[in-house]
Amino acid sequence: MVLFERAPAKINLSLDVLGKREDGFHEVEMIMTTVDLADRIELYTLEKDRVEVCTDNQYVPSDERNIAYKAAALFKHKYRLYQGVRIIIQKNIPVSAGLAGGSSDAAAVLRGLNQMWSVDASLGELVELGASLGSDVPFCIHGNTAIGSGHGEKVRVLPSPPSCYVVLAKPNIGISTRHIFPKVIPEAVNHPQTEEVIHSLEEKDFGKLCSHIGNSLEDVTFALYPEVKRIKNKMLQTGVDGAVMSGSGPTVVGLASHFSKAKRVYNGLRGFCDDVHIVQLLDRR
Ligand code: ATP
């Protein structure tokens, strides 16, 4: 049997670091949505009780280090399943980009196996499983637009954003979230106005959304990788309505009300930054 799943990229409309917890994790509050840049996941049942992973990207491991492998192993263990699966991942989402590519692959595997093996686990159960794999996985299981809090495991669905075009620009570096978080001093970084972002979604007010998007991790990432800040500035100079770094970077997200504006920003970034996309929001509820 074969099953296909789409694993879309996540973008942050906000990311706030509220404080450090006793367990060493940071307490975060992040508003996320998905865009139509997606990995393609194929799941094939195997007679042997094993998990296999194949990817077409040299920076992504094809063994038990792959988060999609971990998701399948966890799912099999939790529901005592003794069947095997081959997972083929066609990577379209840039790696180590702040776009939750790996987390979205893992979420797609949990959703897909749940369907393929007729396990009938609830959304809540999948979210709980996903939380043990990574802080973005619970959101990736939900999709749409949502606010994640705690360590990312508490997810509340929000209204969809006003329609717009999204420019994604990633400089030629990879950043791991694990390297950024330890350098964050919650009292010293800028905090986005999360409540105002929520109001702008409720009111479908694009201008208000653009003026309140923000990311507490920008201060740390910009200090370590000034090219990320240059990309954000370039986007704003070339006329994007709002710009914010996604996750711990390095991808910068630009929001544009019209395609012509997004195209102007895209053209301004060509030659300045190699990996540039114009995409659309997936959440059209
Ligand atoms: P993170 O916050 O984990 O850094 P990210 O969205 O910025 O997330 P990812 O593209 O998910 O970055 O990859 C982060 C790391 O995870 C890379 O080192 C990559 O080799 C590894 N990895 C493991 N499995 C996957 C996968 N299925 N897709 C992408 N990367 C994966």
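How far apart do the end C-alpha atoms of residues 198-273 lie, and how much of the span is helix and strand? The ends are 31 Å apart, with 55% of the span in helix and 14% in strand. Helices (H or I, at least four residues) and strands (E, at least two) are DSSP runs, numbered from the N terminus. Select these residues to begin: UniProt, in an unreviewed entry, gives 198-273 the feature "domain: GHMP kinase C-terminal". UniProt positions follow the numbering used here, feature names are shortened, and annotations may be inferred rather than shown by experiment.

This is a predicted model, in which local features need pLDDT of at least 70, side-chain atom pairs count only at pLDDT 80 or more, and totals for chains, interfaces and linings use all residues. Residues are numbered from 1 along each chain as its sequence is written.

**The two domains**

Next, colour the protein chain by domain: domain 1 is 2-157 and domain 2 is 165-280. These bounds come from an automatic or database domain assignment. Taken over C-alpha atoms, the centres of domain 1 and domain 2 are 23 Å apart. Their contact involves 24 residues of domain 1 and 33 residues of domain 2. Two residues are in contact if their C-beta atoms, placed from the backbone, lie within 7 Å.

On the side of domain 1 that touches domain 2, select β1 (2-20) and β2 (26-46), each of which supplies at least two residues. β1 gives the most to that side, 10 residues. By class, the side of domain 1 that touches domain 2 has 13 nonpolar, seven polar and four charged residues. Here Ala, Val, Leu, Ile, Met, Phe, Trp, Tyr, Cys and Pro count as nonpolar, Asp, Glu, Lys and Arg as charged, and the others, Gly among them, as polar.

**The largest nonpolar core**

Now show A68, A72, I87, V109, L110 and V167, which touch the most other members of the largest nonpolar core, a set of 78 residues. A nonpolar core joins buried Ala, Val, Leu, Ile, Met, Phe, Trp, Tyr and Cys residues through C-beta atoms within 7 Å. Buried means 20 or more other C-beta atoms within 10 Å of a residue's own, exposed 12 or fewer, and partly exposed in between, with C-beta atoms placed from the backbone. β2 supplies the largest share of this core, nine residues. The core lies between domain 1 and domain 2, because both give residues to it.

Centre on L110: leaving out residues up to four places away in sequence, L110 touches A71, F75, L126, L129, G130 and I141.

**Around the ligand**

Move to the ligand, which has 20 residues around it; N66, G101, G102, D105 and T177 come nearest. A residue is near a molecule if its C-beta atom, placed from the backbone, lies within 6 Å of it. α1 (67-78) and α2 (101-116) each supply at least two residues of this shell, and α2 provides the largest share, four. The shell comprises 10 nonpolar, nine polar and one charged residues. Domain 1 and domain 2 each contribute at least three residues to the shell.

**Backbone stops**

- P250, in the loop between β9 (242-245) and β10 (252-256): the peptide bond from G249 to P250 is cis, with omega near 5 degrees.
- N144, in the loop between α4 (137-142) and β5 (146-150): phi is positive, about 55 degrees, although N144 is not a glycine. N144 is partly exposed, with 17 other C-beta atoms within 10 Å.
- K204, in the loop between α6 (194-202) and α7 (206-212): phi is near 50 degrees, a positive value in a residue other than glycine. K204 is partly exposed, with 13 other C-beta atoms within 10 Å.
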